Amino acid sequence: MPVYEPWAGEPDVLAETSEVGRRAAAWIRSLPRPPVPCPVGAWLACVLPEAVETAMGSLDPADCDRMGPNGRITEGTGGVDAGTMSTLSVVPCVLSEAVWLTPDQQVRLLAVACVVSGIVRLLAEDPGTEILHSLVSRMCTTLDHCGATLGHRGR
């Protein structure tokens, strides 16, 4: 296996994604709580924002798809563990129980989970293209929009 060589601008992109992940997690934590404590409310307040922050802070373009020594493709994870990805993937199922959130808040939560998962897969599949052509930065802009716009209304 050749030694991984970071792409031009990679440290800046990773620093940006980590910061955007912290902001997205803070937005999720700021969402209204259910009128009566419930498991989904606790999950949205703690587990989901932790998964968003963890995913965005642990991105690793070196953990990308590659050819193994035996000639078989090894699928990369973008640096994000399976448990974190699993948490992001169940958001559509969990939101049906979050009846205290507005439809706008629910859609934005779906978008956050989708964008974070997408960034992970993009970096795992083709980190150079994603970093060099600012695709990750554009996705971070979308992620910021999900939280910033709603942070001023819909509560």
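Where is the place of S134? S134 sits in the loop between α6 (127–132) and α7 (135–150).

## Basis of the model

This is a predicted model, in which local features need pLDDT of at least 70 and side-chain atom pairs count only at pLDDT 80 or more, while totals for chains, interfaces and linings use all residues. Residues are numbered from 1 along each chain as its sequence is written, and side-chain values use heavy atoms, with hydrogens and water left out.

Helices (H or I, at least four residues) are DSSP runs, numbered from the N terminus.

S134 is not a glycine, yet S134 has a positive phi of about 60 degrees. S134 counts as partly exposed because its relative accessibility is 37%; buried means under 20% relative accessible area, exposed over 50%, and partly exposed in between, with a 1.4 Å probe and protein chains only.

## T17 in helix α1

T17 belongs to helix α1 (residues 10–30). With a relative accessible area of 0%, T17 is buried. A polar atom of the T17 side chain lies 2.8 Å from the backbone oxygen of L14.

Leaving aside residues up to four places away in sequence, T17 touches M56, L59, V136 and C140. Contact here means heavy atoms within 4.5 Å.

Two packed helices are described by the angle between their axes and the distance between the axes. Axes are lines fitted to C-alpha atoms, for helices over the stretch in contact, and angles run from 0 to 180 degrees between N-to-C directions.

The axes of α1 and α2 cross at roughly 175 degrees and come within 8 Å. The angle makes α1 roughly antiparallel to α2, a term for angles over 145 degrees; those under 35 count as roughly parallel, 65 to 115 as roughly perpendicular and the rest as oblique. On the α1 side the contact includes T17, V20 and I28, and on the α2 side L48, V52 and M56 are among the residues. By class, this contact has 10 nonpolar, four polar and four charged residues. Ala, Val, Leu, Ile, Met, Phe, Trp, Tyr, Cys and Pro count as nonpolar, Asp, Glu, Lys and Arg as charged, and the others, Gly among them, as polar.

## Helices α2 and α3

Helix α2 (residues 39–57) packs against helix α3 (residues 82–89) at an angle of about 125 degrees, with the axes 9 Å apart. That makes α2 oblique to α3. The contact is made by W43, V47, L48, A51, V52, T54 and A55 of α2 with T84, T87 and L88 of α3. Seven residues of this contact are nonpolar, three are polar and none is charged.

Conventions
Helix = DSSP H or I, 4+ residues; strand = E, 2+ residues; numbered from the N terminus. Polar contact = N/O pair within 3.5 Å; in protein donor to acceptor, adjacent residues only side chain to side chain.
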